[in-house]
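Dear colleague,

I am handing over the structure that we spoke of, with the sequence alongside. My notes on it follow directly below.

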Amino acid sequence: MGSQEVLGQAARLASSGLLLQVLFRLITFVLNAFILRFLSKEIVGIVNVRLTLLYSTTTFLSREAFRRACLSGGAQRNWSQTFNLLWLTVPLGIFWSLCLGWVWLQLLEVPDPNVVPYYGTGVLFFGLSAVVELLGEPFWVLAQAHMFVKLKVLAESMSVILRSVLTAFLVLWLPHWGLYIFSLAQLLYTAVLVLCYVIYLITLLRSPESTKQLTLPVSRVTQLLPSISRSRAFVNWKEARLTWSFFKQSFLKQILTEGERYVMTFLNVLNFGDQGVYDIVNNLGSLVARLIFQPIEESFYIFFAKVLEREKDASLQKQDDVAVAAAVLESLLKLALLTGLTITVFGFAYSQLALDIYGGAMLSSGSGPVLMRCYCLYVLLLAINGVTECFTFAAMSKEEVDRYNFTMLALSSSFLVLSYLLTSWCGSVGFIMANCFNMGIRITQSLSFIHHYFRESPHRPLAGLRLSPVLLGVFVLSAGITSVSEAFLCCERGWPARLAHIAVGTICLGVTLGTAFLTETKLIHFLRTQLNRPRLSDKMT
């Protein structure tokens with residue numbers, strides 16, 4: 001498969017399901033806004049911070065390294081060994097679930113049962129849901145490796161919506177159930193997610209025409225189960241060693257990704273109510289990151305991993321592939337920069353209004369607006385880091401991954417210390433400040449690697465981080481106009497003034513996007529090229 005074909009598949013993987021994802025997220029957004037009206041801040045804090053951290057830590061430590069290692073392999077591999085390696089995530093998940101569950105029950109502060117009932121049940125069910133989700137890992141990796149565009153979007157969106165619907169129903173009719181509500185909803189989420197992949201692949205494998213057309217490495221669903229053969233090793237030891245390298249890195253990355261939740265959970269710098277407000281703002285602020293940046297990062301990581309060879313510099317690889325990879329990286333950096341700047345500039349003036357519409361006075365008063373404005377700046381760094389690390393992790397050799405782990409270790413330690421100090425000094429805003437510092441260091445590391453990687457080649461993909469002076473001027477002007485509009489029109493002057501404030505922002509946003517369209521012609525050409533590619537076969541549907 002040529003680099004251009006892989007690029008087309010990656011682009012479609014990132015974009016073709018985006019409208020569906022936005023639609024499902026909007027439905028979930030409305031349901032969550034409804035649910036918030038019936039919950040206390042304390043329950044939100046326990047569910048969204050404490051229990052979700054248990055679930056995310058278990059799944060991340062159990063599967064992240066396996067996913068990255070197994071998706072990095074080429075087409076010529078023994079898939080039976082890959083599936084065997086992936087099934088090891090299940091016993092690993094059981095181990096982490098039991099260990100972390102004991103910590104959550106015995107070592108951490110237990111909430112008041114009169115305020116947050118059934119905490120022990122919540123720990124049990126969230127740990128169990130993590131193990132259930134790991135049962136679908138071989139199916140997930142097979143689907144990702146063969147770039148099934150809509151399956152991932154539909155599976156995740158359907159499971160999220162069903163979880164929100166069940167939560168809303170139980171909160172409305174059985175509010176006294178407490179954490180039973182969220183425990184059952186979480187278990188439903190993981191069960192539906194796994195079943196979507198399993199049912200889809202079983203149906204696909206039972207269709208001879210589709211199986212032949214897709215050239216899958218398996219012909220029966222039983223071939224995805226663990227198997228032992230005397231003629232070969234149980235696993236591919238090269239993949240296993242790469243998994244171990246990624247595991248050490250993943251352990252550190254999890255601390256960096258969820259660092260503020262670990263500090264809140266283990267150091268008790270915020271009460272459960274403040275944790276709830278912070279987490280709601282954090283989820284709102286990261287909505288665009290989950291909708292846009294994450295699909296791009298996941299899809300183009302696969303593209304870079306397939307096009308580039310890990311053990312070679314750019315000068316030693318096929319120059320056509322290097323040229324395509326450099327052009328794609330430059331365009332992705334430009335897209336991330338423009339998207340992040342737009343969110344930062346307009347987010348500052350519309351944070352308070354967005355929080356008031358979403359959660360009422362509970363969010364729009366107090367520290368909520370300040371948190372959201374700071375998070376808008378953090379989204380800009382998230383966007384750039386997602387693209388740079390996407391390329392870096394796909395191009396690094398095993399030795400470079402190991403060396404990078406030492407940097408991540410230092411970052412993890414400094415981040416946790418900085419989070420604790422800044423939070424003690426300025427409250428929950430300190431978490432975002434520490435995250436910005438952490439993300440800036442990670443971006444610097446990745447930029448250094450990219451610069452060194454392309455040093456001997458004529459390509460300069462980091463040019464994607466430069467904007468035209470005209471566009472920068474429009475961003476500055478829009479920031480000033482919307483800030484003045486907020487001061488005079490928002491948010492205590494009624495809905496006519498709010499609508500006028502929204503109109504001002506809409507006009508400024510239109511001018512900004514129009515200027516970007518006229519000045520960033522190279523990016524526009526890239527987007528048009530990828531979005532207008534002919535539809536591939538059923539493999540992409």
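Which helix gives the most to the nonpolar patch? Helix α8 (residues 149–173) does, with three residues; helices here, like strands, are DSSP runs numbered from the N terminus, with at least four residues of H or I for a helix and at least two of E for a strand.

Before the details, please note that this is a predicted model, in which local features need pLDDT of at least 70 and side-chain atom pairs count only at pLDDT 80 or more, while totals for chains, interfaces and linings use all residues. Residues are numbered from 1 along each chain as its sequence is written, and side-chain values use heavy atoms, with hydrogens and water left out.

The patch covers about 550 Å² of surface and is made by F34, F38, F169, L172 and W173. Patches consist of residues with over 30% relative accessible area and no salt bridge, like charges being joined within 9 Å and nonpolar side chains (Val, Leu, Ile, Met, Phe, Trp, Tyr) within 5 Å; the areas come from the Shrake-Rupley method with a 1.4 Å probe, and for residues only the protein chains shown count as cover. F34 is placed in helix α2 (residues 18–36), and with a relative accessible area of 35% F34 is partly exposed, a class that lies between buried (under 20%) and exposed (over 50%), again with a 1.4 Å probe and protein chains only.

Turning to charged pairs, a search of the whole structure finds 11 salt bridges, each being a side-chain nitrogen of Lys or Arg within 4 Å of a carboxyl oxygen of Asp or Glu. One of them joins R63 to E133, with the closest N and O atoms 2.7 Å apart. Because R63 lies in helix α3 (residues 41–71) and E133 in helix α6 (residues 119–134), this pair ties together parts that are 70 residues apart in sequence. R63 and E133 are both buried, and they belong to a network of salt bridges that also links R67 and E137.

Within helix α3, E64 and R68 are four residues apart, which means a separation of about one helical turn, and their side chains meet in a salt bridge (3.2 Å, N to O). E64 is buried at a relative accessible area of 15%, as is R68 at 12%.

A further salt bridge pairs E520 with K334, the closest N and O atoms being 3.3 Å apart. This pair links distant parts of the chain, 186 residues apart, with E520 in the loop between α21 (494–519) and α22 (521–531) and K334 in helix α15 (residues 319–359). E520 counts as buried at 8% relative accessibility, and K334 is buried with a relative accessible area of 9%.

With best regards
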